[in-house]
Amino acid sequence: MASNRISRISEEVMRALAEALRAVKDPRVQNGLVSVTHCEVTNDLRYAKVYISVLGSQEQAKEVMKGLRSAAGWLRREVGHKVQLRYAPELVFHLDASITYGAHISEMLHTLEREGKMGSEEDVQ
């Protein structure tokens with residue numbers, strides 16, 4: 001039962017944070033396409049691990065993470081107002097490269113397909 005509550009709160013924190021990210025004025029955060037991919041709130045509701053995906057170069061991702069860490073206090077306050085918990089969880093940001101990795105794999109597959117190196121569907125069946 002408690003894990004159900006924790007997962008529900010994690011989803012609420014993720015939604016509130018995604019909304020608050022649009023209002024961040026820091027140019028480092030606005031520089032890249034930033035999205036919240038996952039959020040895990042601890043059982044005591046004191047910390048939230050937030051996984052962030054940045055579509056862009058490694059340098060842009062590093063700058064976005066610096067900007068997010070700089071704006072963490074403001075973001076925590078905004079999340080606290082929206083989620084309405086006794087204590088707003090401290091936000092700990094982690095870079096999630098899964099979307100960038102997926103885009104890279106997709107691009108490689110399209111390149112192979114254009115070059116004719118991948119078998120047709122008839123060869124597979």
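Visitor: Which residue lies over the face of Y87?

Guide: Good place to start! This is a predicted model, and in it R46 lies over the ring face of Y87, at 4.0 Å from the ring centre.

Visitor: How many aromatic pairs are there?

Guide: For this feature we look for two rings whose centres lie within 6.5 Å. Here the count is zero.

Visitor: Let me step back. In what order do the elements of the chain run?

Guide: Read from the N terminus, and you get α-α-β-β-α-α-β-α-α. That comes to six helices and three strands.

Visitor: What share of the 125 residues counts as buried?

Guide: A residue is called buried when its relative accessible area is under 20%. In this chain of 125 residues, the buried share is 30%.

Visitor: Which residues have the most contacts inside the largest nonpolar core?

Guide: They are V50, I52, L68, L75 and F93, in a core of 29 residues. Two or more residues come from each of α1 (2-21), β1 (33-41), β2 (47-55), α3 (58-70), α4 (72-83) and β3 (90-95). Helix α1 gives the largest share, with eight residues.

Note on methods:
Residues are numbered from 1 along each chain as its sequence is written. This is a predicted model: local features need pLDDT of at least 70, side-chain atom pairs count only at pLDDT 80 or more; totals for chains, interfaces and linings use all residues. Side-chain values use heavy atoms; hydrogens and water are left out. Rings of Phe, Tyr and Trp (its six-membered ring) pair if their centres lie within 6.5 Å; planes under 30 degrees apart count as stacked, over 60 as edge-to-face and the rest as tilted. A charge sits over a ring if NZ of Lys or CZ of Arg is within 6 Å of the ring centre and within 35 degrees of the ring normal. A nonpolar core is a set of buried Ala, Val, Leu, Ile, Met, Phe, Trp, Tyr and Cys residues joined through side-chain atoms within 4.5 Å. Buried means under 20% relative accessible area, exposed over 50%, partly exposed in between (1.4 Å probe, protein chains only). Helices (H or I, at least four residues) and strands (E, at least two) are DSSP runs, numbered from the N terminus.
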